[in-house]
Amino acid sequence: MDIHEYQAKKLLAEYGVPVPKGGVAHSATGAIYQANELGGDKWIVKAQLHSGARGKAGGVKLCTSQRDIAKFCDKLLGNNLVTHQTGPAGKMVSSIYVEEASDISKELYFSIVLDRAIQKVTLIASTEGGMDIEKVAEETPDKISKITIDPAVGMQPFQARQLVFTLNLPNSAIAAASRAVMKCYRAFRDTDANLLEINPMILTTDNKILAIDAKMSFDANALFRRPEIFEFRDKTQEDPRETNAAEHDLNYVGLDGNIGCLINGAGLAMATMDMIQHAGGEPANFLDIGGGASAERVATSIELVLSDDNVEAILINIFAGINRCDWVAQGIVDLLNKRDIDIPLVVRLSGTNVEKGQKILKDSGKKVTTADTLSDAAHKVVAAWKQATGK
Ligand code: GDP
Ligand code: MN
């Protein structure tokens with residue numbers, strides 16, 4: 001689960017990481033109020049959405065008057081902002097963060113990630129912070145330093161210094177930077193985060209260390225024991241199709257094509273996506289019904305796939321082991337008894353109780369195209385979709 005920058009900064013501040021003073025607002029008037037509360041005559045005003053790269057998309061502005069702030073808020077609040085990380089639809093901006101502007105002498109990069117492959121935590125730092133870190137990683141990887149922490153041992157101060165020494169900071173800033181790194185690690189560990197990224201961490205013109213951007217993401221499987229983090233959830237930033245499925249305990253992945261897919265198991269999902277593309281179609285999504293799905297669960301799953309406006313044909317591909325083809329078939333028939341589906345529906349059942357399942361579909365008299373193999377199913381659904389839509 002991702003959180004907003006202002007929430008991450010609040011959290012980091014509680015752990016003693018130096019961040020600028022700021023206040024969040026939901027209207028232009030609110031943003032001006034926050035600026036007045038902060039005092040001074042220049043502020044950094046930032047759109048809050050679950051995406052980086054806001055600066056390049058016009059989502060971060062240095063303002064020197066109330067009029068500047070109002071103009072920025074009017075342009076962004078209530079609208080979607082498209083960055084190169086959001087996808088073409090962008091993400092809704094419903095809050096604005098107003099901060100004291102800082103005078104930057106150097107922009108550094110700092111992040112902490114969970115490295116599942118080695119079961120350790122990796123800290124990454126670079127002198128080349130700011131808006132082009134991806135380019136730095138690609139073109140001059142030697143400018144990026146890393147250290148690895150064994151979570152069972154924890155982080156030692158010498159490790160923080162070792163990382164900070166690579167940043168060419170003035171002597172007077174080294175201790176503060178090392179402390180900030182230690183505190184970030186603490187925040188990361190204590191909150192079950194799987195990502196903490198501060199880009200940029202800055203050296204101010206008076207040689208202070210300050211986190212002026214912050215991104216944090218948390219392990220969804222640990223949120224049950226972090227209610228204070230779960231409070232930060234903002235559903236407006238999530239794909240509503242995925243949120244809706246999660247509420248039914250179903251795994252749903254939204255994609256950009258037109259063929260809705262209902263499958264069981266991630267491996268079969270991948271194979272099904274490939275086969276649809278091979279047959280000349282594009283998947284709109286896939287929904288994993290999991291193991292031992294009841295007829296009711298299957299019907300709910302089909303409803304969810306249908307609620308995606310991009311879906312113009314459906315492929316149900318079940319390879320039943322723990323699942324039962326008769327339950328799946330019953331779910332399909334139950335749904336079709338409840339409502340008509342005016343788009344092509346192709347079903348391929350295989351495995352446990354397959355004869356029973358096929359009989360249920362056949363006896364129902366409903367308009368369902370059946371298929372024997374995955375390849376057959378993919379070709380049938382793509383052909384039916386082309387015929388139905390003329391595409
Ligand atoms: P991002 O584009 O979403 O990563 O947003 P950031 O919060 O990182 O801001 C983008 C850029 O705006 C930073 O890399 C800085 O160059 C600039 N910026 C942000 N805050 C300040 C500030 O307080 N003072 C100055 N001078 N520049 C800032
Ligand atoms: Mn940034």
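Predicted model: local features only at pLDDT ≥ 70, side-chain atom pairs only at ≥ 80, totals over all residues.
How many nonpolar, polar and charged residues are in the lining of the second largest pocket? By class, that lining holds five nonpolar, four polar and eight charged residues.

## Domains

The domain assignment of the protein gives three parts: domain 1 spans 21-100, domain 2 spans 104-230 and domain 3 spans 240-389. Taken over C-alpha atoms, the centres of domain 2 and domain 3 are 43 Å apart.

## Largest pocket

The largest pocket holds about 800 Å³ of space. It is lined by 39 residues, and those closest to its centre are Arg54, Met131, Asn199, Pro200 and Asp213. Two or more lining residues come from each of these elements: β2 (43-48), β3 (60-63), β6 (95-100), β7 (104-115), α4 (133-139), β10 (193-204) and β12 (215-218). Strand β2 gives the most, with four residues.

By class, the lining of the largest pocket divides into 15 nonpolar, 11 polar and 13 charged residues.

## Second largest pocket

The second largest pocket has a volume of about 440 Å³. Its lining is made up of 17 residues, of which Arg233, Glu238, Glu242, Thr243 and Ala246 are the closest to the centre. The elements that give two or more residues to this lining are α8 (240-247) and β13 (251-254).

## The four-stranded sheet

An open sheet is formed by four strands in the order β1-β6-β2-β3, with antiparallel pairing. Strands β1 (22-25) and β3 stand at the edges; each has a single partner strand, so one side of each is left without a neighbour in the sheet. From one strand to the next, the twist averages 20°.

Strands of a sheet pair through backbone hydrogen bonds, in either a parallel or an antiparallel way. In this sheet, β2 and β6 pair in the antiparallel sense over six bridges. Trp43 has Glu100 of β6 as its bridge partner. Strands β2, β3 and β6 are also among the elements that give two or more residues to the lining of the largest pocket.

## Backbone features

Which two residues are joined by a cis peptide bond? They are Asn199 and Pro200, and omega of this bond is about 10°. Pro200 lies in strand β10. Both Asn199 and Pro200 are listed with the residues closest to the centre of the largest pocket.

Asn207 has a positive phi, near 60°, although this residue is not a glycine. Asn207 is placed in the loop between β10 and β11 (209-211). With a relative accessible area of 32%, Asn207 is partly exposed. Asn353, likewise a residue other than glycine, has a positive phi of about 60°. The loop that holds Asn353 runs between β17 (345-351) and α12 (354-364). The relative accessible area of Asn353 is 25%, and this residue is partly exposed.

Terms used: Residues numbered from 1 in each chain as written. Chains lettered and ligands numbered in written order. Heavy atoms only, no water. 1 Å grid on protein atoms, 1.4 Å probe; cavity = no way out; pocket = protein on both sides within 12 Å on 5 of 7 lines; lining within 4 Å. Points joined across faces, edges and corners; volume = space filled by probe spheres on them. Nonpolar A, V, L, I, M, F, W, Y, C, P; charged D, E, K, R; others polar. Pairing = 2+ DSSP bridges. Axes fitted to C-alpha atoms, helices over the stretch in contact; angles between N-to-C directions. Buried < 20%, exposed > 50% of the residue type's maximum accessible area, 1.4 Å probe, protein only. Domains from an automatic or database assignment.
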